[in-house]
Amino acid sequence: MSQFKVDIEKLRLIGWKHWDPIGLSDFKDDYGEAWPEDEYDTYLIHAAGMCANGKSVIDIADFLELIETEYMGLNENKSSRARAVATAKAICDLRSK
């Protein structure tokens, strides 16, 4: 099992910028508070682990799409695949830095 350390803040930025399947990046509650920044951590950390273990960008994108459509129960839409691929690429790019 290969490992690489990933900065959680960078991982979160990737998740919010590229993926954000629930569309929470602009969410504010009745008190003006933003959604918790760690909302997608579990999925993004798992995706980073997949990359560290040699999974392809396509495999990681498939995982992210599965989370979005099956676990979160969201309908697949035109942007689902593109967002998942962009997120997977950005996560794997962290490894080379």
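A: Start at the beginning of H1. There, a side-chain oxygen of Asp7 comes to within 2.8 Å of the backbone nitrogen of Glu9. The coordinates belong to a predicted model.

The length of H1 comes next. The helix has 12 residues. From its first C-alpha to its last, H1 reaches 15 Å, close to the 16 Å expected at 1.5 Å a residue.

Now the buried side. Leu11, Arg12, Ile14, Gly15 and Trp19 are the buried residues of H1. Viewed down the helix axis, these buried residues fall within an arc of 155 degrees, so they line one face of H1. The face turned away from that buried side carries Leu13 and Lys17, both exposed. The buried residues of H1 pack against H2, H3 and H4.

After the helix comes Asp20. Its phi is positive, near 35 degrees.

Next, the aromatic side chains. A search of the whole structure finds four aromatic pairs. One of them joins Trp16 and Tyr40. That pair is tilted, with 5.0 Å from centre to centre and 50 degrees between the planes. Trp16 lies in helix H1, while Tyr40 sits in the loop between H1 and H2, so the pair ties together parts 24 residues apart in sequence. Tyr40 has a relative accessibility of 1%. Buried means under 20%, so Tyr40 counts as buried. Ring pairs also build a cluster, which links Trp16, Trp19, Tyr40, Tyr43 and Tyr71.

The buried residues of H2 are Asp41, Tyr43, Leu44, Ala47, Ala48, Met50, Cys51 and Ala52. What covers the buried residues of H2 includes helix H1 (8–19), helix H3 (57–71) and helix H4 (80–95). H2 is followed by Gly54. The phi of Gly54 is positive, near 85 degrees.

Helix H4 holds Arg95. This residue is partly exposed, with a relative accessible area of 37%. Its C-alpha atom is separated from that of Lys5 by 8.1 Å. Along the chain, Arg95 and Lys5 are 90 residues apart.

Finally, the whole chain. The protein chain has four helices and zero strands. Read along the sequence, the pattern is α-α-α-α. There are 97 residues, and 36% of them count as buried. Take the contacts between residues at least 6 apart in sequence: 62% of these join residues at least 24 apart. The accessible surface of the chain comes to about 6300 Å². Carbon and sulfur atoms account for 51% of that surface.

How values were computed:
Residues numbered from 1 in each chain as written. Predicted model: local features only at pLDDT ≥ 70, side-chain atom pairs only at ≥ 80, totals over all residues. Heavy atoms only, no water. Buried < 20%, exposed > 50% of the residue type's maximum accessible area, 1.4 Å probe, protein only. Helix = DSSP H or I, 4+ residues; strand = E, 2+ residues; numbered from the N terminus. Contact = heavy atoms within 4.5 Å. Areas by Shrake-Rupley, 256 points an atom, 1.4 Å probe, with all protein chains shown as cover. Phe/Tyr/Trp six-rings, centres within 6.5 Å; stacked < 30°, edge-to-face > 60°. Expected span 1.5 Å × (residues − 1). Arc of directions from axis to C-beta. Polar contact = N/O pair within 3.5 Å; in protein donor to acceptor, adjacent residues only side chain to side chain.
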